Amino acid sequence: MYTLMQVCRELDLAYQTLKFYCNEGLVPNVKRDKNNRRVFGERDVKWIRDLSCLKKCGMTIQEMKEYPALCLEDSIA
């Protein structure tokens with residue numbers, strides 16, 4: 001498991017950006033440790049890396065919010 005700061009360092013992402021992504025629901029099912037701090041697994045880190053790519057491609061936050069639903073739609077069908 002990784003802390004918010006560790007993920008930021010790993011992905012060269014601003015702390016405020018990752019916190020915003022979490023607060024906006026862009027990172028689904030974020031777990032918390034016993035001190036109520038966000039913790040991230042390998043799958044979360046990959047997801048956040050994908051979000052960074054989407055942002056660099058010019059997607060808006062709203063489009064990024066729709067992206068998880070589209071991904072899950074394909075896995076359910």
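Modeller: Leu13 counts as buried, because its relative accessibility is 15%, where buried means under 20% relative accessible area, exposed over 50%, and partly exposed in between, with a 1.4 Å probe and protein chains only. Before going further, please note that this is a predicted model, in which local features need pLDDT of at least 70 and side-chain atom pairs count only at pLDDT 80 or more, while totals for chains, interfaces and linings use all residues. Residues are numbered from 1 along each chain as its sequence is written, and side-chain values use heavy atoms, with hydrogens and water left out.

Leu13 sits in the loop between helix 1 (4-11) and helix 2 (15-23); helices (H or I, at least four residues) and strands (E, at least two) are DSSP runs, numbered from the N terminus. Setting aside neighbours within four places in sequence, Leu13 is in contact with Cys8, Leu18, Ile48 and Ser52, contact meaning heavy atoms within 4.5 Å. Leu26, by comparison, is 13 residues from Leu13 in sequence, and the two C-alpha atoms are 15 Å apart in space.

The loop between helix 1 and helix 2 also holds Asp12. Asp12 is exposed, with a relative accessible area of 73%, whereas Leu13 is buried. Asp12 also has a positive phi of about 55° although it is not a glycine. Most residues other than glycine have a negative phi. A further residue of this kind is Asn36, with a positive phi of about 70° although it is not a glycine; Asn36 is placed in the loop between strand 2 (31-32) and strand 3 (38-40).

One of the contacts of Leu13, Leu18, lies in helix 2. Leu18 is buried, with a relative accessible area of 0%. Not counting residues up to four places away in sequence, Leu18 touches Leu4, Val7, Cys8, Leu13, Phe40 and Ile48. Of these, Leu4 is 14 residues from Leu18 along the chain, and their C-alpha atoms are separated by 7.5 Å.

In helix 3 the buried residues are Asp44, Val45, Trp47, Ile48, Leu51, Ser52 and Leu54. An α-helix has 3.6 residues a turn, so residues three or four places apart point the same way. The 15 residues of helix 3 (residues 42-56) should span 21 Å at 1.5 Å a residue, and the end C-alpha atoms are 21 Å apart, which agrees; the expected span is 1.5 Å times one less than the number of residues. Just after helix 3, Gly58 takes a positive phi of about 100°.

Helix 4 (residues 61-76) contains Ala69, which is partly exposed, with a relative accessible area of 48%. Ala69 and Glu24 are 45 residues apart in sequence and 14 Å apart in space, C-alpha to C-alpha.

The whole chain gives the setting for these parts. The chain has 4 helices and 3 strands, arranged along the sequence as β-α-α-β-β-α-α. The radius of gyration of the chain is 12 Å, close to the 11 Å that the globule rule gives for 77 residues, so the chain is as compact as a globular protein of that length; the radius is taken over C-alpha atoms, and the rule is 2.2 Å times the number of residues to the power 0.38. Of the 77 residues, 30% count as buried.
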